[in-house]
Amino acid sequence: MQAVKAGTRPPWVGFAAAVWVGIAAGNSYCFPLYSDSLKSVLGFSQQQLTVLGVANDFGENTGILPGIACNYFPPWAVLLVGVFSAFFGYGVIWLAITQTVQNLPYWVLWIALVLAANSSAWLGTAVLVTNLRNFPLSRGTVAGLLKGYIALSAAVFTEVCTMLLNGSSTQIVLVFTLGIPIICLALMYYVRPCTPASEPDLLENAHFMFTQGSSLLLAIFLLTTTILKNSLNLSQTVSYTFIGVMVVLLLSPLAIPVKMTLFPDRKKSTRAVDSSSDSSDMKTEPLLTMSSSNTNLSSFRENDNESDVNLLLAVGEGAVKIKKRRPRRGEDFSFREAMVKADFWLLWTTYFLGIGSGVTVLNNLAQIASSLGFNDTTTLMSLFSFCNFLGRLGGGAVSEYFVRLHTIPRTFWTMVTQIIMVLTYLLYASALNGTLYAATALLGTCYGVQIAIMVSTSSELFGLKNFGLFFNFMQLGNPLGALLFSGMLAGYVYDAEEAKQGGSTCLGPTCFRLTFLVLACVCGLGTILSLILTIRIRPVYQMLYAGGSFRLPQSSGH
């Protein structure tokens, strides 16, 4: 059993710590910061580098073991595995890039990169599962915030790399090797289970709004300073100032427990005192006197014991069979029980079609831009990352608002974003002037929304008990989509067009046009499946959010 810490401040202290651990958990998004050094220093071909990128995706999204571990071990133990994974994985990569150890076999680097990226799964699963359990009444908001901070990780490390390390890839890998373990070891004590709230709290909503505002300000700040650094020659003093402002914004969630300590909610404490006095009054004035209840209680216990004995005897003789009630949607499912539910596979398939098609564009964004004559891929990546964050943050907040106000299932917004993605892929395929940045912004936003929706929906339909396992199984749609749509479809189409042109690179809108048309059809299918899922689970959300607030379902007791 994990120790559960009571009180209202500890969940917010843990949430503030989870923000920093979440930034560390996004290290797998930073592969482009050191991939060029792997290629140049070690003499790899583009194909070899692409295979290392697959290793990074595979390690990041292979989180079945962390999901299982969350049910048996405390968060600090799960985080500790991520610490060792980052230290040894990035340590080997650093030894290779700095040529401290020469002639490392290619397969050793591949395994090291899988191990390094897999630290993201351990760290991210630990903070996400723990905080969803600590704030069960605000799952959409918590999921959007934490996944949003993880999405901002690449921008944070890019800021550190450009402002402090002068773009040195070897030093940023050293930061991953030592910095991630130091951050997680320092904060793992605070990421722990706490007593969750049993009823809605307006003050809690205000705290989440403050956190959303500060995270949005951080995202705008990172995007602005990155553009300034690329376009202007900033002095060292200005660079250090930018880093200091970034650290303050990352520390902003800690203002909530500090405020709760300095200015406690007196109304809440008064209600607690009143409820305790009421309970003491009930104890001092029993409803039944001892003389009138002794006989009745003793006879009831005798009858109850007699019926239990008779039932056990009947079960032993085979005359009666006790059948365990299967959990209903909204209760805690085991993995095996969830696997036989149509809603589980509908949710997985819609996520696979949406995220799998989106990651195809993300992995080939540089080639898409160059084929259309754009060389500034850094700005495109920054735009995608910023809109990805907005989608994760907004997807959690908007779906939370409408599910409480109108009991609209969160998957409705999955359907809406997939409709937008169909139009976005058609926009990519048209290759009209000025549409590349608009299409990339739309895709990044829809990509982020679907991630936030999947996290909160899986916890609401199948419970929090095995949420870590469900969440990481859903995430397998990411590498599978990359393998199918990117590796097989986009790569084949690109190479075929390149062979027709007879050049070393493919130029023109035909390089990816067929890919975009297929992806539009894929998201069209995802739209239909999202609509079916939304209709199926609408009664569940009407039950869970009756009265405008989330009602924790009773455990099925199986």
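**Briefing: an all-helix fold and selected local features**

At 13% relative accessibility, T407 counts as buried, because the cut-off for buried is under 20% relative accessible area. The model in which this residue is described is predicted. Its chain has 558 residues, 49% of which count as buried, and its secondary structure consists of 23 helices and zero strands.

**Overall architecture**
- Among contacts in the chain with a separation of 6 or more, 84% are made by residues 24 or more positions apart.
- The chain has an accessible surface of about 26100 Å², and carbon and sulfur atoms contribute 66% of that area.

- Most residues other than glycine have a negative phi.
- T407, which is not a glycine, has a positive phi of about 50°.
- This threonine, T407, is placed in the loop between α18 (377-406) and α19 (411-430).
- N103 likewise has a positive phi, near 60°, and is a residue other than glycine.
- The loop between α5 and α6 (106-134) holds N103.
- N103 has a relative accessibility of 75% and therefore counts as exposed, the cut-off for exposed being over 50%.

**Surroundings of C161**
- C161 belongs to helix α8, which spans residues 153-163.
- With a relative accessible area of 4%, C161 is buried.
- When residues up to four places away in sequence are not counted, C161 touches N166, G167, S168 and I172.
- V175 is 14 residues from C161 in sequence, and the C-alpha atoms of the two are 9.4 Å apart in space.

**Nonpolar surface patch**
- F84, F87, F88, L115, L174, L178 and I182 make a nonpolar surface patch of about 640 Å².
- Helices α5 (75-97) and α9 (169-187) each supply at least two residues of this patch.
- One of the patch residues, L174, lies in helix α9.
- L174 counts as partly exposed, its relative accessibility being 32%; that value falls between the cut-offs of 20% for buried and 50% for exposed.

**Packing of α16 and α21**
- The axes of helix α16 (residues 342-363) and helix α21 (residues 467-474) come within 10 Å of one another and cross at roughly 40°.
- On the α16 side, the residues in contact are F344, W345, L347, W348 and Y351.
- On the α21 side, they meet F470, F473 and M474.

Technical notes:
Residues are numbered from 1 along each chain as its sequence is written. This is a predicted model: local features need pLDDT of at least 70, side-chain atom pairs count only at pLDDT 80 or more; totals for chains, interfaces and linings use all residues. Side-chain values use heavy atoms; hydrogens and water are left out. Helices (H or I, at least four residues) and strands (E, at least two) are DSSP runs, numbered from the N terminus. Buried means under 20% relative accessible area, exposed over 50%, partly exposed in between (1.4 Å probe, protein chains only). Contact means heavy atoms within 4.5 Å. Accessible areas come from the Shrake-Rupley method with a 1.4 Å probe; for residues, only the protein chains shown count as cover. Patches are made of residues with over 30% relative accessible area and no salt bridge: like charges are joined within 9 Å, nonpolar side chains (Val, Leu, Ile, Met, Phe, Trp, Tyr) within 5 Å. A salt bridge is a side-chain nitrogen of Lys or Arg within 4 Å of a carboxyl oxygen of Asp or Glu. Axes are lines fitted to C-alpha atoms, for helices over the stretch in contact, and angles run from 0 to 180 degrees between N-to-C directions.
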